[in-house]
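Student: Could you walk me through how to read sheets and helix packing in a model like this one?

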Amino acid sequence: MDKTILSGNEAFARGAFEAGVKVASAYPGTPSTEILENIAHHYPSIDSSWAPNEKVSLEVTIGASFGGARALCTMKHVGVNVAADPLFTLSYTGVRGGLVLIVADDPELHSSQNEQDSRHYARFAKVPMFEPSDSEEARAFTRLAFEASEQFDTPVMVRSTTRISHSKSIVYPQTPVEGLPEPSLARDPAKLVMLPGNARKRHYFVEERLAKMAEWSCSQSFNRIEEGQGEVGVITAGVAYQYAKEVLPEAHVLKLGLVHPLPKQLIREFAARCKTLYVIEELDPFIEEQVRAMGIEVHGKDLLSVCGELSPGRVAAGLFKEEIPQGFTPTETLPQRPPNMCPGCPHRGVFYQLNRLKAYVTGDIGCYTLGFMPPLSAMDTCVCMGASIGNATGISKVLTPEDRKKVVAVIGDSTFLHTGINGLIDMVYNGSTATVIILDNSTTGMTGRQDHPGTGYSLKGDPSYQVDLEGLCRSVGVKHVYSIDPYGLDETRDLIKREMERPEVSVIITRRACMLHKRDLIQRKPPLFVDADKCTACKACLKLGCPAIKWNPAAGTKGQAEIDKLICVGCEVCMQVCKFGAFGVCDEK
Amino acid sequence: MKNKVQNILLVGVGGQGILLASEILSEVLMLGGYDVKKAEVHGMAQRGGSVVSHVRYGEKVYSPIIPEGQADILFGFELLESYRYLPLLKTDGQVVASDLQIVPPGVALGKESYPEDVPAKIKAAFPRSRIVNAMALAQQAGNMRTVNTVLLGALSNMMDIPEEAWNQAMNNRVPAKFLEENLNAFALGRQA
């Protein structure tokens, strides 16, 4: 194999394979998801699995490392918040087999709830962090990270961003390493049992390790100086390096492959030869502040934004105070095209009814967060994975008994098993009265339909034990557990209304598979049609916000609804909304 | 030609198969001997939202995303989206776009209106542009689902890539049972 074109995520998977990884675990999260999917698909020799959340996935990986195997854990930036507990102590224990944590940040929040910069975690947890700037480096740095992990007895983080994970570039695969030691049981409590007496000693080791790595990294080829012309110098890393090369092709560049710890000696040498020095980095002034603390004058976030991702245009606009160039610009205001629940999405009817019931909806992370959008407009909060249930408990505590009835938590099946269940335990334990709806579409929808413990299938597609959601809820003490098909609009409304009134915790599981489900759980039906003689232009169907229903202002005398036959899946939810029986089933196939 | 980076911006609506089209395109370019980068966004954008994929090629490509105002070709799968992203096109750039219209939610609700005469407006601003009835040609090729291949055929006229490289890439990427209709669709698009 000489060369191929891979996404960053495909290249991370390749790098892990070349490094001889034996165990890989993750919870899906954009933009990191495809790393594990690629491992499962292309490298079956690796034991790869979905964990219910990032904390568990890291703990599984730690166990594999303690057994002497190389192990990979991947997650999105906010996943590190969940996994932070084991991460910080893992820094003290160090590893047996190499352990690498790839974390994918999402500058610009293409598909996230915040824009946190994971480099702070590397510094905070005192672990090294590599940052590749294209797919070839994603492959090579992953491989290198495993070597460094074992050489320095440390977990190693590798930071990606959306533009690394989801960009493709040319990769030169290498043959996998050979001759790694076989995993085995080896007891070493002084290193692996982090009681105060042991951990105190390990903290000294951690500090020495960081100092050693900072010195080591000054002479490694992943931190390199690219000679330019003139007196302008740039310190940069990750995808920002590519933008810097685009905008300042003549400048001297110190390209950092390891963003923590920084190669201070190398930075001093580089800075000494430049009259003007820029740090070009996405999100926080992570490198900049440390360089400044060394007494070196630099420009960075005085010129470039802390918010959002960079681009060649944004870098040029910051450095040269130029307008971002724009070609021909349409003068009219164009309609926006926000993401939307798919035609036939089982969540649509639930949010339609929550809106009509005037519920105060604490929301969660998933496709169903789109229930916030008009015309459904039925979500009032969304904080993080699993937060909906705790949020509902808390807000209920401070409301009048009448207002308390309006509080409903909504959470997806995958999110419920991620960290929602803990909130439900608290809800029962502490006597909350809120209503919880588990929107069970039998998949992890938003990240691209991954399996989880509630689907009954593993990452590799093998049948597995399927968590019984009803049984689980009952076992933590919920007395009122119901499941319902959300395609039945009236039944769904009646059930939600009744349970909102109940001064006790109840759980409603709305169960119907995602319309994009990979297995044959869904049955698309022929598209519906609108009977022009019956449509009275009342627009009630438009309140569903279904992409397959279009308003044609030119039809009839007052306009009429129409169905887009290409995308309608015949779920018949609109049929139940129309009081005039205008929606019909087509005879044609 | 080879040392100058060329930029193609693919735009459309989530679910239209834009990511697969950009896969084939970047494969073709790699087989053509170029350095290639492509960038896109997954996740939330899939759900019927506006989708953009950047493809860049040349002797050496740095940024995976196209510098603002530097796209040579805007390759559009839906009319409004093609119109929306015109500001990213060079002043002497070209548009290759499908005439397909997919109404966004605000228009479906009757609250906003779909812009009128988009093909004429595109051609007025970028005279070398081509608006293709890709759906009709896909039907002619024997499968509505080959619409993206028709569009790739139309795009191929504007690029200096040998036809064998295109055929090779489709051989690599398209399942065997759909290959013949896709090769037909490509040829129809190329002639259109």
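Predicted model: local features only at pLDDT ≥ 70, side-chain atom pairs only at ≥ 80, totals over all residues.

Student: What is the strand order in the open sheet of 8 strands?

Tutor: Strands of a sheet pair through backbone hydrogen bonds, either parallel or antiparallel. Strands (E, at least two residues) and helices (H or I, at least four) are DSSP runs numbered from the N terminus, and two strands pair if DSSP finds at least two bridges between them. Here the order is 1(A)-8(A)-2(B)-3(B)-1(B)-4(B)-5(B)-6(B), with mixed pairing. Strand 1 (4-7) of chain A and strand 6 (130-132) of chain B are the edge strands, each pairing on one side only.

Student: How many bridges join strand 5 of chain B to strand 6 of chain B?

Tutor: There are 3, and the two strands run parallel. Ser98(B) sits opposite Val132(B) in strand 6 of chain B.

Student: Which strands does helix 1 of chain B touch?

Tutor: Contact means heavy atoms within 4.5 Å. Helix 1 (residues 18-31) of chain B packs on the sheet and touches strands of both chains, including strand 8 (167-171) of chain A and strand 2 (35-40) of chain B.

Student: At what angle do helix 4 and helix 9 of chain A pack?

Tutor: Two packed helices are described by the angle between their axes and the distance between the axes. Axes are lines fitted to C-alpha atoms, for helices over the stretch in contact, and angles run from 0 to 180 degrees between N-to-C directions. Helix 4 (residues 77-93) and helix 9 (residues 196-216) of chain A pack at about 80°, with axes 8 Å apart. That makes the two helices of chain A roughly perpendicular (65 to 115 degrees). Tyr92(A) of helix 4 and His203(A) of helix 9 are among the residues making the contact.

Student: Which residues of helix 12 of chain A are buried?

Tutor: Buried means under 20% relative accessible area, with a 1.4 Å probe and protein chains only. In helix 12 (residues 286-293) of chain A they are Phe286(A), Ile287(A), Glu288(A), Gln290(A) and Val291(A). Their cover includes helix 5 (119-125) and strand 10 (232-237) of chain A. Just after helix 12 of chain A, Gly295(A) has a positive phi of about 85°.

Key:
Residues numbered from 1 in each chain as written. Chains lettered and ligands numbered in written order. Heavy atoms only, no water. Buried < 20%, exposed > 50% of the residue type's maximum accessible area, 1.4 Å probe, protein only. Parallel < 35°, antiparallel > 145°, perpendicular 65-115°, else oblique.
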